[in-house]
Amino acid sequence: MSASRSEITDAPGAGGREPGPPGADLLAALLDGMDAALCAFDAAGVVTHWNREAERILGWSAREAVGRRGFAGWAVRSADAAEVQGRLMAAMDAPGRQVHEFALLRKDGGRVLVRTQSARVLGADGKPAGVYCAFSEVHTQIDLERSIALSEALFDEASWGVVLVDVDLRPAVVNGEAARALGAGRTSALGRPLGELLEQGVEELEGALQHVLAEGAPRGLVDLWVSVAPAEGREQRRCWRSGFVRLASPLAEEPVPLGVGWLFHDVTDAKLAEQEANRLRFRSSQLHRAGRAASECEDPLEAATAYLDFALAGFADHALLDVAEGDGEGGGGTEGGGERLVRAVASPAGAPGPAAGVAGGGLPVRYAPGHPALQAVERLGSVRASAGAEGTPGEWAERRQWPKEAAHALCTVLRSRGRTLGVLTFLRGAARPAFERPDAVYAESVAVLTASALDLAQSTGD
């Protein structure tokens, strides 16, 4: 230990003297480059080593510290000196490291609470030759422990999914919640491309990750819609509210990105409820506006057309109004049933535009038996249909006398005063989803208003 003391005190930065034997510069640089404060004592308790971090914390330079016996009279209060020295030097008689907390004195007289880790140093003969002590301010140590505890909690107990993504955009660490959301194990997801974990939404997610790596995290949270393919093969479209943080190495002089921390939470149910509420609000507003517009129409058939125009917005691509001609008492519509359907109003096919009466009307529509419009008349309700596996959408629509771009249909009967007045058909293209039960409810609401206007038109015509 005494030889080491000579080397350190002769090395630049340790004692301020001229360079000593070969290797002294390297040893001094290693000690001074440590993040933790370090000091060492020989078997007699004399300070032999003192690095720059120890000087920063306590203010005593290496030249002032090296050579002193213990901390008494300068780095610790006299009343505490014997206890501190005894606990430090006790490490010579015990294997392993010992952890203590002491109140030390700064050079300016202030006190600082430090946490020390001390261990014995063995000489060439294998016997204890001294003690080294690494110490740091307690609040610094507590901050480190909090950071470690936070990391462990995030990856073990967090209710949010947490994924650390490396610079190649592959998961490096995955917590339990994220693994469950991705339908993979915590280890099986590591190192795999995101495209193997997600069926849809990969481009948006990778774009967000690349943005964070290049420019930093966005200010707010981002809602990402993704589809996960579980083991049974059923795709599940989910909305994950995501936050991102860029991870940079604290050891580099300039920030070097290590990857991205991605935190997400499943908000699918809340998002769907929000979308449904917005949809209902919009549709209610459209019905209100349609009612006001229809009230200004002198011609009842024009009022019925206005209902179709307002209903189409955001709901369907095309609308058809077929009027029943016949005795009007039954729910027929098949050949010989006493009724026939005549096209009265249609919206433009292939391009958006207002619905209008059909030129040259009066000829019955040649619907084949089993047509969805005829089924709606028979059931006195609504019928939904989609192209599905029945050939291409164009062929499917052509067989049903609909515009060729139609891929999904919703037919609902028009009823007023206990009579069937016709059928209202809404059509969507292949790029839009199929009609669902809430869509049928909305179509029936439109049908009630349209049927009232159509009934008035027929009564006026009679």
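Helices (H or I, at least four residues) and strands (E, at least two) are taken here as DSSP runs numbered from the N terminus, and the expected span of a helix is 1.5 Å times one less than its number of residues. The model is predicted, so that local features need pLDDT of at least 70 and side-chain atom pairs count only at pLDDT 80 or more, while totals for chains, interfaces and linings use all residues. Residues are numbered from 1 along each chain as its sequence is written, and side-chain values use heavy atoms, with hydrogens and water left out.

View 1. Helix α9, residues 202–215, has 14 residues and reaches 20 Å from its first C-alpha to its last, close to the 20 Å expected at 1.5 Å a residue. Its buried residues (under 20% relative accessible area, 1.4 Å probe, protein chains only) are Val202, Leu205, Ala208, Leu209, Val212 and Leu213. These residues lie on the same side of α9 because they cover an arc of only 135° around the axis, the arc being that of the directions from the helix axis to the C-beta atoms. On the other side of α9, Glu203, Ala214 and Glu215 are exposed, a term that stands for over 50% relative accessible area.

View 2. Just after α9, glycine 216 takes a positive phi of about 105°.

**View 3. The largest cavity.** A cavity is a set of points on a 1 Å grid over the protein atoms alone where a 1.4 Å probe fits but cannot get out, and lining residues have an atom within 4 Å of a point. The largest cavity holds about 30 Å³ of space, a volume being the space filled by probe spheres set on grid points that are joined across faces, edges and corners. Val163, Pro171, Leu182, Leu194, Leu197, Leu198, Leu205 and Trp262 line this cavity.

**View 4. The largest pocket.** A pocket is an open set of points with protein on both sides within 12 Å along at least five of seven lines, and the largest pocket contains about 310 Å³ of space. Of its 14 lining residues, Arg279, Arg283, Arg428, Pro433 and Asp439 are the closest to its centre. Helix α10 gives the largest share of the lining, 4 residues.

**View 5. Threonine 425 in strand β16.** Threonine 425 lies in β16, residues 419–429, and is buried, with a relative accessible area of 0%. Leaving aside neighbours within four places in sequence, threonine 425 is in contact (heavy atoms within 4.5 Å) with His318, Ala319, Leu320, Trp402, Leu410 and Cys411.
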